[in-house]
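Here is a short report on one protein chain. Look over the sequence and the model first, then read on.

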Amino acid sequence: MIASISKFEIQNGLEKEVKEAFKKRPGLVEQAKGFVRLDVLSPLSNPAEIHLITYWESDEDFEYWHRNHLKESHINIPKGLKLVSKSWELTKFEHISS
C-alpha cells in the first residue's frame, strides 16, 4: 500500500470555500480501482494550507487516478481560486503500518 500526500496553499483568501468544496466533493475517488482512503487536513498554524492524503493499494492505481481524474473531481473548486506560487507538492510514501 502507498500513501500520497498532495499539499497546496491558497493565496487569495478562499480557504473557507475550498474546505467546503472538499466537504461537498463528488466522491469519485472512492470508486477508483485500488483506492483505500482519503483524508483532507489543514494545519492549525496555517489554515490556507491544504494536505490531501490518499491511500492506495498500489502506486500504479494512484498514478492512473492522478492522470485521469482532474476535470470531474474538481467540479466544485471555487471560481477564481489562486494558489501560492510553487506551493503545490506531491510526495508518495510506502505505507508500513497504521
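From the N terminus, the elements of the protein chain follow the order β-α-β-β-α-α-β. That comes to 3 helices and 4 strands. Helices (H or I, at least four residues) and strands (E, at least two) are DSSP runs, numbered from the N terminus. The model is predicted: local features need pLDDT of at least 70, side-chain atom pairs count only at pLDDT 80 or more, and totals for chains, interfaces and linings use all residues. Residues are numbered from 1 along each chain as its sequence is written, and side-chain values use heavy atoms, with hydrogens and water left out.

**The whole chain**

The C-alpha atoms of the protein chain fill a box of roughly 35 × 30 × 20 Å, taken along the principal axes.

Of the 98 residues in the protein chain, 34% are buried. Buried means under 20% relative accessible area, exposed means over 50%, and partly exposed lies in between (1.4 Å probe, protein chains only). The accessible surface of the protein chain is about 6700 Å², and 55% of this surface belongs to carbon and sulfur atoms. Such areas come from the Shrake-Rupley method with a 1.4 Å probe; for residues, only the protein chains shown count as cover.

Among contacts in the protein chain with a separation of 6 or more, 71% join residues 24 or more positions apart.

The protein chain carries 14 positive and 15 negative side chains, and the centres of the two sets lie 7 Å apart. Lys and Arg count as positive and Asp and Glu as negative; His and the chain ends are not counted. Each charge is placed at NZ of Lys, CZ of Arg, CG of Asp or CD of Glu.

**Strand β1: Ser-6 and Lys-7**

Ser-6 lies in strand β1. Lys-7 also belongs to strand β1, which covers residues 2-9. Is Lys-7 buried or exposed? Lys-7 counts as buried because its relative accessible area is 16%. Ser-6 is buried too, at 13% relative accessibility.

Leaving aside neighbours within four places in sequence, Ser-6 is in contact with Ile-50, His-51, Leu-52, Trp-88, Glu-89 and Leu-90. On the same terms, Lys-7 is in contact with Glu-49, Ile-50, His-51, Ser-87, Trp-88 and Glu-89.

The side chain of Ser-6 makes a polar contact with the side chain of Trp-88, at 3.0 Å. A polar contact is a pair of N or O atoms within 3.5 Å; within protein, one must be able to donate a hydrogen and the other to accept it, and residues adjacent in sequence count only if both atoms are side-chain atoms. The side chain of Lys-7 reaches the backbone oxygen of Ser-87 at 3.5 Å.

Helix α1 spans residues 15-23 and includes Lys-19. Lys-16 lies in helix α1 as well. Lys-16 is exposed, at 70% relative accessibility, whereas Lys-19 is partly exposed, with a relative accessible area of 28%. Beyond four places in sequence, Lys-19 is in contact with Ser-42, Pro-47 and Ile-50. A polar atom of the Lys-19 side chain lies 3.1 Å from the backbone oxygen of Pro-47.

Asp-61 is part of helix α2, residues 59-68. Asp-61 is buried because its relative accessibility is 9%. Not counting residues up to four places away in sequence, Asp-61 touches Lys-33, Gly-34 and Trp-56.

**Two loops**

Gly-27 sits in the loop between α1 and β2 (35-41). Gly-27 counts as buried, at 18% relative accessibility. Lys-86 is in the loop between α3 (70-73) and β4 (89-94). Lys-86 is exposed, with a relative accessible area of 81%. Lys-86 has a positive phi of about 60° although it is not a glycine.

**Distances across the chain**

The table sets C-alpha separations beside sequence separations.

| Pair | Apart in sequence | C-alpha distance |
|---|---|---|
| Ser-6 and Thr-54 | 48 residues | 8.5 Å |
| Lys-19 and Asn-76 | 57 residues | 11 Å |
| Lys-16 and Lys-86 | 70 residues | 21 Å |
| Gly-27 and Trp-88 | 61 residues | 22 Å |

Note on methods:
Contact = heavy atoms within 4.5 Å.
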